[in-house]
Amino acid sequence: EGYSPTSVTAKRVVSFLPFFKKLTHSWSAETRESVEYQGSIGVDFTALQDDQTLQEKMPDFVTDLKEQPSQILPAMGVAAHQVLSEAKAAAHPTDSSSPSVTGLPLITVRILHLEPLTPLKILKAPQYGMFWEDLSLL
């Protein structure tokens with residue numbers, strides 16, 4: 001999808017920016033470095049649900065997250081990347097004649113404490129026991 005400021009994805013990214021600004025504001029330099037190194041950030045689902053700004057901009061966020069995670073999670077990752085790159089650029093100002101390059105990797109957002117959890121027996125039921133049967137053939 002090409003960039004368009006009126007696209008649904010761009011609106012989602014803009015909606016998540018205030019949440020990630022509040023989230024990363026209290027982080028130490030070590031926490032930011034670990035996110036840069038790991039390339040992922042864990043976000044508590046209850047914090048997302050309780051955020052008033054996010055609820056105003058995206059009232060159907062919970063439904064969208066559960067029904068369209070392949071579209072919501074990357075938008076959250078772009079917003080987190082934007083906030084972290086702005087913080088890194090502010091911490092290390094460069095010469096005004098050279099472009100600012102932050103060098104951040106792709107940021108993957110992981111939702112923590114999202115209920116209900118899917119039991120592994122539902123996901124792996126057809127393969128249950130196959131591993132042990134294959135080992136017995138050796």
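Author: Helix H1 (residues 8-25) and H6 pack at an angle of about 50°, with their axes 8 Å apart, where helices are DSSP runs (H or I, at least four residues) numbered from the N terminus and axes are lines fitted to C-alpha atoms over the stretch in contact, with angles running from 0 to 180 degrees between N-to-C directions. The model is predicted, so local features need pLDDT of at least 70 and side-chain atom pairs count only at pLDDT 80 or more, while totals for chains, interfaces and linings use all residues. Residues are numbered from 1 along each chain as its sequence is written, and side-chain values use heavy atoms, without hydrogens and water.

H1 and H6 are therefore oblique to each other, a class left for angles that are not under 35 degrees (roughly parallel), over 145 (roughly antiparallel) or 65 to 115 (roughly perpendicular). In the contact (heavy atoms within 4.5 Å), H1 contributes residues including Phe-16, Leu-17 and Phe-20, which meet a set in H6 that includes Ile-72, Met-76 and Val-83. The residues of this contact comprise 12 nonpolar, 3 polar and 3 charged, with Ala, Val, Leu, Ile, Met, Phe, Trp, Tyr, Cys and Pro counted as nonpolar, Asp, Glu, Lys and Arg as charged, and the others, Gly among them, as polar. Helix H6 (69-91) also supplies at least two residues of the lining of the largest pocket, as does helix H2 (29-38).
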